[in-house]
Amino acid sequence: MSEPSQLVHIRDAVPGDGDALAEMHARSRAVYYRAGGHEVAVHPDEEYRETWRKMVDDPRIAVLVAAIDDDIVGVITVDAGEVFPTRASHEKRVRLVGIFVEPDRWSIGVGGALMARFVSLARQADAVGEVEVWERNPRAIRFYERHGWTRDGTSRAGPAGAAYLGYVHLP
């Protein structure tokens, strides 16, 4: 049998993916926020869905979908167009806005496949990657550090009195 990561296909999101991505994102974040003591909705409302539809359609944001067969199992959103402010004006940065995987597909290579695509995009752009990780999400922190990300010393306020911590990935 093939390794699970070999079964993952990464593709650009298409306009019809917005609602499925909203659903998957809501499920994923509900699990890690709940584990950190913060409750969020498991199902997206219409505004949440519309946000995902707009991101998929925004040419300044790359929305890449991880699929196994025809099932969407993960997503990564990348901003190189300064839609989201970066923390460094003195160097080229590519912002990893978010990476989310269906909770029942965690630890089978989906996140790793998405991360490999991000690192490739950042290297092609000769840019530093940056991301923020909620400090009460130790699983995500381990994931980023395992993939070569390091803390940059920045943080900003986040939900439930826990900060979002800044991380960078060098080209």
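Q: Helices (H or I, at least four residues) and strands (E, at least two) are DSSP runs, numbered from the N terminus. In the loop between which two elements does Ser 107 lie?
A: This is a predicted model, in which local features need pLDDT of at least 70 and side-chain atom pairs count only at pLDDT 80 or more, while totals for chains, interfaces and linings use all residues. Residues are numbered from 1 along each chain as its sequence is written, and side-chain values use heavy atoms, with hydrogens and water left out. On that numbering, Ser 107 lies in the loop between β4 (93-101) and α4 (110-124).

Q: What is the order of helices and strands along the sequence?
A: The protein contains five helices and seven strands. Read along the sequence, they follow the pattern α-β-α-α-β-β-β-α-β-α-β-β.

Q: What is the radius of gyration of the protein?
A: The C-alpha atoms fill a box of roughly 40 × 35 × 35 Å along the principal axes. The radius of gyration is taken over C-alpha atoms, and the globule rule is 2.2 Å times the number of residues to the power 0.38. For 171 residues that rule gives 16 Å; the value for the protein is close to this, so the protein is as compact as a globular protein of that length, with a radius of gyration of 15 Å.

Q: What percentage of the residues of the protein count as buried?
A: Buried means under 20% relative accessible area, exposed over 50%, and partly exposed in between (1.4 Å probe, protein chains only). Of the 171 residues of the protein, the buried share is 47%.

Q: Among contacts between residues at least 6 apart in sequence, what percentage join residues at least 24 apart?
A: Two residues are in contact when heavy atoms lie within 4.5 Å. Among contacts between residues at least 6 apart in sequence, the share joining residues at least 24 apart is 61%.

Q: How far apart are the centres of the positive and negative side chains?
A: Lys and Arg count as positive and Asp and Glu as negative, with His and the chain ends not counted. The place of a charge is NZ of Lys, CZ of Arg, CG of Asp or CD of Glu. The protein has 21 positive and 26 negative side chains, and the centres of the two sets are separated by 5 Å.

Q: Is Glu 23 buried or exposed?
A: Glu 23 lies in helix α2 (residues 18-35). Leaving out residues up to four places away in sequence, Glu 23 touches Val 42, His 43, Pro 44 and Arg 49. Its relative accessibility is 18%, and therefore Glu 23 counts as buried.

Q: Which residue in β2 is the bridge partner of Asp 12?
A: Two strands pair if DSSP finds at least two bridges between them. Strand β1 (residues 8-12) runs antiparallel to β2, and five bridges join them. Strand β2 (residues 61-68) is mostly covered, with seven of its eight residues buried. Within β2, the partner of Asp 12 is Leu 64.

Q: What is the relative accessible area of Ser 107?
A: Ser 107 is a residue other than glycine with a positive phi, near 70 degrees. Ser 107 counts as exposed because its relative accessible area is 69%.

Q: What separates the C-alpha atoms of Thr 77 and Met 55?
A: Thr 77 lies in strand β3 and is buried, with a relative accessible area of 2%. Beyond four places in sequence, Thr 77 touches residues including Trp 52, Met 55, Val 63 and Val 97. Thr 77 and Met 55 are 22 residues apart along the chain, and their C-alpha atoms are separated by 8.5 Å.

Q: How far apart in space are the C-alpha atoms of Gly 129 and His 90?
A: Gly 129 lies in strand β5 (residues 128-134), and its 0% relative accessibility makes it buried. Six of the seven residues of β5 are buried, so the strand is largely enclosed by the rest of the structure. Beyond four places in sequence, the contacts of Gly 129 include Val 94, Phe 118 and Trp 149. Gly 129 and His 90 are 39 residues apart in sequence, and their C-alpha to C-alpha distance is 14 Å.
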